[in-house]
Structure formats: structure tokens, C-alpha cells
Amino acid sequence: QNPYELLGGEAGLRKLCAAFYRIMDEAPEAAGIRAMHGESLAAIEEKLFEYLSGWMGGPPLYVRRTGTVCLTKPHQPYAIGAAERDQWLLCMDRALEEVGASSEVKEMLHEPMFRIADMMVNR
């Protein structure tokens with residue numbers, strides 16, 4: 001099974017993305033990356049859901065909509081350093097905990113999530 005299936009498919013991934021952005025919105029430790037987003041997080045939550053769907057082994061929704069899986073270009077306007085990367089990872093770790101992701105899923109995602117977040121570092 002892939003992470004998409006192990007998280008519960010679409011419903012489980014939606015819960016993860018909702019938890020991720022709620023945590024980002026509320027956690028003082030994530031204020032740096034929260035400030036990079038608009039007042040509403042609904043649109044970006046949907047984009048994360050679409051991207052992670054394909055990335056985790058589910059339907060490739062992001063690619064269908066954008067024609068690419070490139071994440072660096074959409075992130076170019078933002079100054080992203082190690083601190084911002086780590087804030088993003090903190091939110092994702094907490095979201096995985098909150099939705100009750102198994103240790104197997106967390107282990108499967110730990111290194112690949114770090115690599116993707118690290119690729120966004122541009123300063």
C-alpha cells in the first residue's frame with residue numbers, strides 16, 4: 001500500500017491537509033510561513049491536497065490541473081530558508097500526528113517530505 005491508501009484515500013488526505021493548515025494558522029512556531037499566505041487558506045489547502053494526492057500514490061490531480069509537478073516556480077516569490085522549511089515540516093509532522101497516521105506512514109514520508117521541503121529553499 002502507498003501513503004495515500006494508508007492515510008485513508010481522499011478523505012484521509014483531506015483531513016491531513018485541513019489539519020496542516022489549521023496548525024499553520026494557529027501555531028506561533030509557524031508564524032513565518034503563515035505570513036507568506038493570504039488571509040484565507042482554503043485555496044492553498046486544495047492545492048496541497050491535489051499535489052499530495054498524486055505524490056502519495058493517489059490520483060494525479062495537481063498534474064491534471066497544472067500540467068506539471070514543479071513546485072519551485074510557484075514558491076520563487078517567497079524567501080524560503082531553513083527556518084521556513086523547518087516550520088513547514090513541523091506543521092506536517094503535527095498534522096500527521098493529529099490524524100493518527102501510523103508509524104509506518106510517518107516513516108515512509110519522513111525523508112521524502114524533507115527532500116521536497118528542502119528543494120523549496122531559495123535563500
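## Handedness of a crossing

A crossing of two helices is called right-handed if the near helix is turned clockwise from the far one by less than a right angle, and left-handed if the turn is anticlockwise. In this structure, which is a predicted model, helix H4 passes helix H8 in a crossing of the right-handed kind.

## Helices H4 and H8

The axes of H4 and H8 come within 13 Å and cross at roughly 125 degrees.

When the residues of the contact of H4 with H8 are sorted by class, 7 are nonpolar, with no polar and no charged residues.

## Helices H7 and H8

Helix H8, spanning residues 103–119, also meets helix H7, which spans residues 82–98, and the axes of these two helices come within 10 Å and cross at roughly 155 degrees. Because angles over 145 degrees count as roughly antiparallel, H7 is roughly antiparallel to H8. The crossing in which H7 passes H8 is right-handed.

From H7, the residues Arg85, Trp88, Leu89, Met92, Leu96 and Glu97 meet Lys106, Leu109, Met113, Phe114, Ala117 and Asp118 of H8. The contact of H7 with H8 contains 8 nonpolar and 4 charged residues, and no polar ones.

## Helices H2 and H7

H7 has a further partner in H2, and the axes of H2 and H7 come within 8 Å, crossing at roughly 130 degrees. That angle makes H2 oblique to H7, and the crossing of H2 and H7 is right-handed.

In this contact H2 supplies Leu16, Ala19, Phe20, Arg22, Ile23 and Met24, whereas H7 supplies Trp88, Cys91, Met92, Arg94, Ala95, Leu96 and Glu98. Sorted by class, the contact of H2 with H7 holds 10 nonpolar residues and 3 charged residues, with no polar residue among them.

## The largest pocket

The largest pocket holds about 690 Å³ of space. Its lining is made up of 26 residues, and those that lie nearest the centre of the pocket are Tyr21, His37, Ile44, His75 and Trp88. Helices that give two or more residues to this lining are H2 (9–26), H4 (42–55), H5 (61–66), H6 (72–75), H7 and H8.

It is H4 that provides the largest share of the lining, with 6 residues. Taken by class, the residues that line the largest pocket comprise 19 nonpolar, 3 polar and 4 charged. Trp88, one of the residues nearest the centre of the pocket, is also among the H7 residues that meet H8 and among those that H7 brings to its contact with H2.

How values were computed: Residues are numbered from 1 along each chain as its sequence is written. This is a predicted model: local features need pLDDT of at least 70, side-chain atom pairs count only at pLDDT 80 or more; totals for chains, interfaces and linings use all residues. Side-chain values use heavy atoms; hydrogens and water are left out. Axes are lines fitted to C-alpha atoms, for helices over the stretch in contact, and angles run from 0 to 180 degrees between N-to-C directions. Helices (H or I, at least four residues) and strands (E, at least two) are DSSP runs, numbered from the N terminus. Angles under 35 degrees count as roughly parallel, over 145 as roughly antiparallel, 65 to 115 as roughly perpendicular and the rest as oblique. Contact means heavy atoms within 4.5 Å. Ala, Val, Leu, Ile, Met, Phe, Trp, Tyr, Cys and Pro count as nonpolar, Asp, Glu, Lys and Arg as charged, and the others, Gly among them, as polar. On a 1 Å grid over the protein atoms alone, a cavity is a set of points where a 1.4 Å probe fits but cannot get out, and a pocket is an open set with protein on both sides within 12 Å along at least five of seven lines; lining residues have an atom within 4 Å of a point. Grid points are joined across faces, edges and corners, and a volume is the space filled by probe spheres set on the points.
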